Structure formats: C-alpha cells, structure tokens
Amino acid sequence: MNNSLVVYPRIPTQVAVELLKDFDGKNAAELRDLADVKHVRSYYHPNFPYRASVELLCSLRSGVEELAAKNGFPDRAKQGGAADFDREVATFLFSEMSILPADAAVEEVWNFFTLVLLPHIALWRYPNTGQNFEYPRLIGKRRNVFRKLWWRAFVLGPALSEKLGEDETVGIMERPSIGGNRSLARAIVIAHVRVQLQNPGKYPASEFLREVNKRIRAINSVRGLTFLSETELQREIDEVFEGVREAWESGELISRSAKAKHSL
C-alpha cells in the first residue's frame with residue numbers, strides 16, 4: 001500500500017453519460033479495448049499535489065480484473081461470485097488506492113474509475129440492460145459499483161466488511177445516520193456477526209439487522225450515540241441486539257418468510 005494519499009482523475013457526469021451511450025451493445029472484449037488510463041476530458045483536483053500515477057492506475061485495473069476473472073468474468077458470475085467479488089474488491093481498493101477520502105466523496109472521480117479505467121468490469125458486474133444512461137451503479141453516485149465498495153471498507157474496516165452480505169451492507173451504508181458514523185457502524189457489525197455466529201441459521205440476517213437498525217435510529221434521534229466512548233457504545237448496541245433477539249424468541253417479531261407461510 002502506498003503511504004502517500006493521492007487524488008484521482010475526474011470526468012464530468014455529462015461525459016460519463018455519453019460514454020455509457022457509446023458502450024451500449026458492446027461485449028466485454030470490446031469494452032476492455034476501450035479501457036484507458038486517460039481521457040481527453042479528465043482533470044484532477046487543482047490544489048492537491050499528489051496524483052495517482054499511470055502505474056498505479058494500471059495496477060488497480062489489473063488487480064480488479066484478476067478478482068473479476070476469479071469470480072466468473074467475462075461470463076456471468078458463478079453462484080455467490082458477485083458477493084465474493086464485492087467483498088474482495090472492497091478490501092483490494094481500500095488497501096491499494098491510497099485515495100484521499102475527500103476525493104473518494106467526489107462523483108466525478110468514480111465516473112473516471114468506472115467508465116474510463118474499468119468499463120468492462122463495471123458493466124459485467126452491473127449490466128445496463130435497461131439502457132439507463134444515468135444508471136447509479138455505473139455513474140459515480142453513492143451506489144456506484146466501485147465507490148460503494150471503497151466506502152464500505154473505509155467505514156467498517158476490511159475485516160468487518162468481508163463478513164457482510166449485500167443486503168446487510170446496504171442496511172448500514174445507505175443510512176447516513178448509521179453509515180456516516182464509523183464507530184456506530186462498526187459496533188453494529190461486531191454485534192451482528194457475534195449474534196449470527198452464536199445462533200447459526202436461527203435468525204434471518206437481513207431482517208434481524210433491519211429491526212436492529214430501526215431501533216438504533218430511534219434511540220439516536222432521542223439521545224445521540226455519537227458521544228459515547230467505544231466501550232459504552234458497544235454495550236449499548238449489544239443491548240439493542242439482545243432486545244431484538246428476545247423479541248424474536250418470544251414471537252413478538254416474525255420473519256417475513258414466516259409471515260408468508262402463515263398467510264398461505
């Protein structure tokens with residue numbers, strides 16, 4: 001990992017939209033031929049002196065390509081491959097990009113990373129079947145294929161990030177009151193992993209976490225959890241998980257699958 005933080009090339013979103021239009025109907029090999037480390041409309045943050053080198057960009061592209069190939073690229077992802085790809089790429093990007101966090105919050109950075117550097121991988125992971133040329137998974141918005149993975153590893157740390165499935169990650173990262181607080185997000189994942197390991201297969205992970213997050217948001221709106229020490233915060237979160245577990249055991253909470261069976 002490079003010890004110096006760097007900024008990355010950017011392209012305007014209107015240029016990204018035009019690229020998506022140009023990519024429409026092209027196969028993986030054609031998209032790989034279009035992948036590049038530069039673009040005529042690219043630019044950098046004007047004031048930060050350290051920029052991602054061509055060598056770094058090429059290394060990142062090769063690394064992501066290797067992880068994609070491992071999980072099925074250019075064919076459809078093998079069973080479980082998409083989730084494995086996400087977990088592995090999140091760790092890889094966080095470890096290797098050395099991106100300035102402020103730069104990682106910029107839409108135009110991920111426009112370049114996705115549609116100039118890695119269009120073949122991006123469109124393999126999220127095919128644009130609906131011909132939506134402002135598709136949030138491919139344009140550099142919060143749900144962008146690579147942006148969401150870097151932020152996932154940045155907020156949770158690679159070790160915790162790798163323990164979550166897609167639905168569980170969405171339940172944390174796409175709620176600003178939770179995903180925007182690294183200490184809170186990590187405390188939740190630590191408790192979640194512990195409960196699931198202690199009760200294998202007993203509680204539907206995504207539904208259980210959804211109920212936990214609902215209770216945590218309610219608590220946070222009344223008395224902020226931000227000001228608690230790490231130990232106090234973990235204790236508070238553990239108590240919420242225990243409350244949800246008890247409610248589940250008592251029948252106060254019924255999973256969606258169980259409700260569906262009852263309705264038949």
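This is a predicted model: local features need pLDDT of at least 70, side-chain atom pairs count only at pLDDT 80 or more; totals for chains, interfaces and linings use all residues.

1. The largest nonpolar core has 77 residues, and Y8, F113, F146 and I237 have the most contacts inside it. Helix 12 (residues 182–198) gives the most to this core, contributing 8 residues.

2. Leaving aside neighbours within four places in sequence, its contacts are V64, F85, V89, L93, W110, F113, T114, L118, I121 and A122. Among these, V64 belongs to helix 3, while F85, V89 and L93 belong to helix 4.

3. That leads to the pair itself. Helix 3 (residues 54–70) and helix 4 (residues 81–96) pack at about 165 degrees, with axes 10 Å apart. Angles over 145 degrees count as roughly antiparallel, so helix 3 is roughly antiparallel to helix 4. Their crossing is right-handed. From helix 3, the residues involved are L56, S59, L60, G63, V64, L67, A68 and K70, and they meet F85, E88, V89, F92, L93 and E96 of helix 4. By class, this contact has 9 nonpolar, 2 polar and 3 charged residues.

4. An α-helix has 3.6 residues a turn, so residues three or four places apart point the same way.

5. For another arrangement, look at helix 10 (residues 166–173) and helix 13 (residues 205–222), whose axes come within 9 Å and cross at roughly 10 degrees. These two helices are therefore roughly parallel to each other. D167, E168, G171 and I172 of helix 10 make the contact with A205, S206, L209 and N213 of helix 13. The class count here is 3 nonpolar, 3 polar and 2 charged residues.

6. How many of the residues of helix 8 are buried? For helix 8 (residues 147–156) it is 9 of 10. The buried set includes the charged side chains R147, K148 and R152, along with W150 and F154. After the helix comes G157, with a positive phi near 85 degrees.

7. Finally, N144 sits in the loop between helix 7 (119–125) and helix 8. Is N144 buried or exposed? N144 is buried, because its relative accessible area is 0%. Beyond its neighbours within four places in sequence, N144 is in contact with W110, T114, P136, R137, L138 and I139.

Key: Residues are numbered from 1 along each chain as its sequence is written. Side-chain values use heavy atoms; hydrogens and water are left out. A nonpolar core is a set of buried Ala, Val, Leu, Ile, Met, Phe, Trp, Tyr and Cys residues joined through side-chain atoms within 4.5 Å. Buried means under 20% relative accessible area, exposed over 50%, partly exposed in between (1.4 Å probe, protein chains only). Helices (H or I, at least four residues) and strands (E, at least two) are DSSP runs, numbered from the N terminus. Contact means heavy atoms within 4.5 Å. Axes are lines fitted to C-alpha atoms, for helices over the stretch in contact, and angles run from 0 to 180 degrees between N-to-C directions. Angles under 35 degrees count as roughly parallel, over 145 as roughly antiparallel, 65 to 115 as roughly perpendicular and the rest as oblique. A crossing is left-handed if the near helix is turned anticlockwise from the far one by less than a right angle, and right-handed if clockwise.
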